[in-house]
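Thanks for coming. I will take one structure and go through it piece by piece, so please keep it on screen while I talk.

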Amino acid sequence: MLRNTNDLKDYAIHATDGNIGSVEDCFFDDEMWTVRYLVVDTGSWLTGRKVLISPISMAGPNWGDRTIPVSITKEQVTNSPDIDTHMPVSRQLESRYLGFYGYPSYWGGSSLWASGLYPGMLMPGYGGLDPIPVTLSQQTEIELGADAENRGAERADIHLRSCNEVKDYHIHAKDGELGHVEGFLLDEETWAIRYIVVNTSNWWLGHLVLVAPEWIDEIRWLDRTVAINLTRQSIQDAPPYDADAELSREQEIAIHQHYDRTGYWISTPTREG
């Protein structure tokens, strides 16, 4: 099922031994368009410190009671690397974070999560396997990350972006501007972003439409725009999106047929059971 990342705001994060805090933002990978971390405000517990929580540790959100259980402890969160969530997060900083929890890196593989489709497949002990130790290469990355941080030189490999930041970015079609980013639709199993929600009301008396990340040429971070390889007319004529209703596969098929594009589900296996 697809969920709007806006709906995750203020969800409570429950560790194995108590409440950690509430969701404030999501960080997504601008290469694979997958949410890699939730930004969690710990409130008074850690004097307002904001921490990153990876979907690797999550069993899945409980949408009914607005909670997300995670298989880590409050002590682990307390001792985890302190990352400034107001600054870009580099791969070196991520390596320090992943190394602390004993997670392998998710990048460099053939799928969304290394060689797997689901984040939980990177959890130490998954499938009855022994916990995954930090490899020598990862340890080197961690050490390099620490050195680079001290030198202030770790901005060359930034791939994590804030969903809150990209909201309201202007949309530029092939033939002009047409709206702005309203939100993101997230696959609750893989944590892949399947669509950006585009609000066209500032171009014509329009509606919400969906655009897949594969149809985006680039995000221009400096001028806060998203360039889409579609025409304004094709987007205007696209099936409207109702944010208050669950998006069905039939509706997704209609969207992809409208743009004459292949659906992501054609090549993506689904979890059984």
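Predicted model: local features only at pLDDT ≥ 70, side-chain atom pairs only at ≥ 80, totals over all residues.

Strands β10 (residues 193-199) and β11 run antiparallel and are joined by four bridges.

Which way do the residues of β11 point? Leu208 and Leu210 point one way from this strand (residues 208-211), while Val209 and Val211 point the other way. Leu208, Val209, Leu210 and Val211 are all buried. As background, side chains in a regular strand alternate between the two faces of the sheet.

On its other pairing, β10 is joined to β9 by six bridges, and these two strands run antiparallel. Here Val181 stands opposite Val198 in β10. The hairpin of β9 and β10 has five residues between the strands, and in it Trp191 takes a positive phi near 70°.

Now stay with β9 (residues 176-187). Nine of its twelve residues are buried, so the strand is largely enclosed by the rest of the structure. Strand β8 (residues 170-173) pairs with β9 in the antiparallel sense, over four bridges. The hairpin that joins β8 to β9 passes through two residues, and Ala173 has Gly176 in β9 as its bridge partner. Strand β1 (residues 2-4) also pairs with β9, antiparallel, over three bridges. In that case, the bridge partner of Asn4 is Leu185 in β9.

Next, helix α2. Eight of its eleven residues are buried, which leaves the helix mostly covered. Among the buried ones are Arg91, Glu94, Tyr97 and Tyr101. Just after the helix, Gly102 takes a positive phi of about 80°.

That brings me to the aromatic rings. The count comes to 13 aromatic pairs. How are the rings of Tyr37 and Tyr97 set against each other? Their centres are 5.2 Å apart and their planes are at 85°; an angle over 60 degrees counts as edge-to-face, so this pair is edge-to-face. Tyr37 lies in strand β4 (residues 34-41) and Tyr97 in α2 (residues 91-101), so the pair ties together parts that are 60 residues apart in sequence. Tyr37 and Tyr97 are both buried.

Tyr101 and Tyr103 give another arrangement: ring centres 5.5 Å apart and planes at 15°, so the pair is stacked. Tyr101 counts as buried at 8% relative accessibility, and Tyr103 counts as buried at 3%. Ring pairs link Tyr37, Tyr97, Phe100, Tyr101 and Tyr103 into a cluster.

Two arginines also belong with the rings. Arg36 lies over the face of Trp113, at 4.5 Å from the ring centre. The charged end of Arg161 sits over the ring of Trp221, 3.9 Å from its centre.

How many cavities of 30 Å³ or more does a search of the whole structure find? It finds one. The largest cavity has a volume of about 40 Å³. Its lining includes Tyr97, together with Arg49, Ser80, Pro81 and Ile83. Strand β5 (residues 50-53) supplies the largest share of that lining, three residues. By type, the lining residues divide into five nonpolar, one polar and two charged.

Definitions and conventions: Residues numbered from 1 in each chain as written. Heavy atoms only, no water. Phe/Tyr/Trp six-rings, centres within 6.5 Å; stacked < 30°, edge-to-face > 60°. Buried < 20%, exposed > 50% of the residue type's maximum accessible area, 1.4 Å probe, protein only. Lys NZ or Arg CZ within 6 Å of the ring centre and 35° of its normal. 1 Å grid on protein atoms, 1.4 Å probe; cavity = no way out; pocket = protein on both sides within 12 Å on 5 of 7 lines; lining within 4 Å. Points joined across faces, edges and corners; volume = space filled by probe spheres on them. Nonpolar A, V, L, I, M, F, W, Y, C, P; charged D, E, K, R; others polar. Pairing = 2+ DSSP bridges.
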